[in-house]
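Subject: Structure handover

Hello,

Here is the structure I promised to pass on. My notes follow below it.

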Amino acid sequence: MRYLSTRSAPGHTQGLAFDDVLLAGLAPDGGLYIPEHVPKLPTGLVSEASTLSYAELAARLMAPYVGTAVDDDALEAMVADAYGTFAHPDVCPLVALDDDHWLLELFHGPTFAFKDIALQVVARLFDHELERRDDRVMIVAATSGDTGSAAMEAVAGRERIDIVVLHPAGRTSEIQRRQMTTLGAPNVHAVAVDGTFDDCQDLVKAMFGDEAFRTESKLAAVNSINWARVAAQIVYYVWAAGRLADERPVTFCVPTGNFGNVLAGHYARRMGLPTERLLIASNTNDILSRLIDTGELSAHEVVPTLSPSMDIQISSNLERLLFELFDGDGRATAGLLRQFRADGRARLTAEQHQQLRSEFSGDRLDDLETLEVMGRVHADSQMFVDPHTAVGIGVAERCRRPGELVVTLATAHPAKFGDAVQRATGRMPDSPPALAAVADRPERYASLPTDVTSIKEFVRSVRRG
Ligand SMILES: *Cc1c(COP(=O)(O)O)cnc(C)c1O
């Protein structure tokens, strides 16, 4: 399997292998890597899925994307080890909301949000490749919450990897901060930046933009544009369909921020998974549902909501879909994005808009509607759901058609967003012991100004080897 960039010219053939794509993250031309072709699901695999463990299915599905970079036995062992960290024997259990509406719980990993599903595997893939190359990396990342802790947890204690994660001081929830600051591993470093999430992201970009610093520090990224994360997320779509074993094709409803999760569903469909519809669920930051409605990308200010992991203005993974809408023309894809950055808006052609609408539908919920869903689900079924999941449930309820089989992806544990749950239901959800334990552990983090020189100095000072 070879990969090309979403900015490469049509007919371009100089694909990279999986291991290079894994470590590079972003392509040198600024594009995102995508596979040159989409492998087909092996015949019978969906029905067989119900007899396989989650890890077995994951190894089978990821193998064609990984190609020869990792041999099958090593991949199987890595994936089994990754999903051994999950608290539920099914890894991603299905829970019924009603006869035809299911929740696929993706939050049973070590940090209680769905980012663990991909990052636990990606950390092991990194390790394997660095071992083979006898090399090491320094991962730097910015986080507004879930990604940082999932990445830090996944690489904690690994010899060949150091990680520095910047978060905006005072702007993450207490539990999210503690998940990052209490790990205690010598290779894991949290930095509270005196600024906003955008400042953190700009600092990371500035470090990557400094060629000399990037090379000297062996910088690497694990943000959601890393293809390996998308590949790992394809698995639970197939898993859910296999476990439900219903003759109806499934409609998936996906709470969406950076478009990584739903993009994996789109790839599952392209691989041949019978899929009725893909529903994109947004909060008030609804650039994607507006794109589906109007065919226009238009930027609004980011509004903070109860579902902060979806408070995103422009979804980075959208570029992979735009590349398809431009029939694999990377220059046209880059042109549209340039126009969007310059003018704050850019329009699809009528034909592209039509194609988008044939593949995705979407809707949005504001905070009040989100709380209403959380309250109602609790009243009806004594179940707590977190605000991100509630956005998904609300959109699924609004969009579903009679007789349609719907799976809504549950992306975070309710205890991670206890305050919102309490507002909606009057009750505080029980914390799993591993989550509750972060409240008692000592915190360790650096506090630094929004100043790239200080951050670079910090990165140099903590880097091992
Ligand atoms: C990251 C995240 C999302 C959004 O996923 P994307 O891949 O960015 O679309 C939704 N819910 C939770 C809890 C998340 O952490």
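V91 is buried, because its relative accessibility is 5% and the cut-off for buried is under 20%. Bear in mind that this is a predicted model. V91 sits in the loop between α4 (72–83) and β3 (94–98). Its phi is positive, about 65 degrees, and V91 is not a glycine. Most residues other than glycine have a negative phi.

F112 belongs to the loop between β4 (101–105) and α5 (115–133). With a relative accessibility of 8%, F112 counts as buried.

Next, the helix pairs. Two packed helices are described by the angle between their axes and the distance between the axes.

Take α5 with helix α6 (residues 146–155). Their axes are 9 Å apart and pack at an angle of about 35 degrees. The crossing is right-handed. On the α5 side, the contact uses K115, D116, L119, Q120 and A123. On the α6 side, the partners are D146, T147, A150, A151, E153, A154 and V155. By class, that contact between α5 and α6 divides into six nonpolar, two polar and four charged residues.

Now α13 (residues 318–325) with α14 (residues 330–343). The two axes come within 9 Å and cross at roughly 125 degrees. That angle makes α13 oblique to α14. The crossing of α13 past α14 is right-handed. E319, L322 and F323 in α13 meet G330, T333, L336 and L337 in α14. The contact of α13 with α14 has four nonpolar residues, two polar and one charged.

G335 also lies in α14. Is G335 buried, exposed or partly exposed? Its relative accessible area is 25%, so G335 is partly exposed. For scale, G335 and R400 are 65 residues apart in sequence. Their C-alpha atoms are 36 Å apart in space.

How many residues does the largest nonpolar core have? It has 109. Y54, Y83, L125, F126, Y236 and F252 are the residues with the most contacts inside that core. Helix α10 (residues 227–244) gives the most to this core, with 14 residues.

F126 deserves a look in the viewer. Leaving out residues up to four places away in sequence, F126 touches L22, L23, V137, I139, I161, A220, A221, V222 and N226.

Last, L448. This residue is in strand β15 (residues 446–449). Its relative accessible area is 17%, so L448 is buried. Which residues does L448 touch, not counting those up to four places away in sequence? They are V191, A192, V193, D194, S454, I455 and F458. W227 is 221 residues from L448 in sequence. C-alpha to C-alpha, L448 and W227 are 31 Å apart.

Over to you.

Best wishes

Notes
Residues numbered from 1 in each chain as written. Predicted model: local features only at pLDDT ≥ 70, side-chain atom pairs only at ≥ 80, totals over all residues. Heavy atoms only, no water. Axes fitted to C-alpha atoms, helices over the stretch in contact; angles between N-to-C directions. Helix = DSSP H or I, 4+ residues; strand = E, 2+ residues; numbered from the N terminus. Parallel < 35°, antiparallel > 145°, perpendicular 65-115°, else oblique. Left-handed = near helix turned anticlockwise from the far one by under 90°. Contact = heavy atoms within 4.5 Å. Nonpolar A, V, L, I, M, F, W, Y, C, P; charged D, E, K, R; others polar. Core = buried A, V, L, I, M, F, W, Y, C linked by side-chain atoms within 4.5 Å. Buried < 20%, exposed > 50% of the residue type's maximum accessible area, 1.4 Å probe, protein only.
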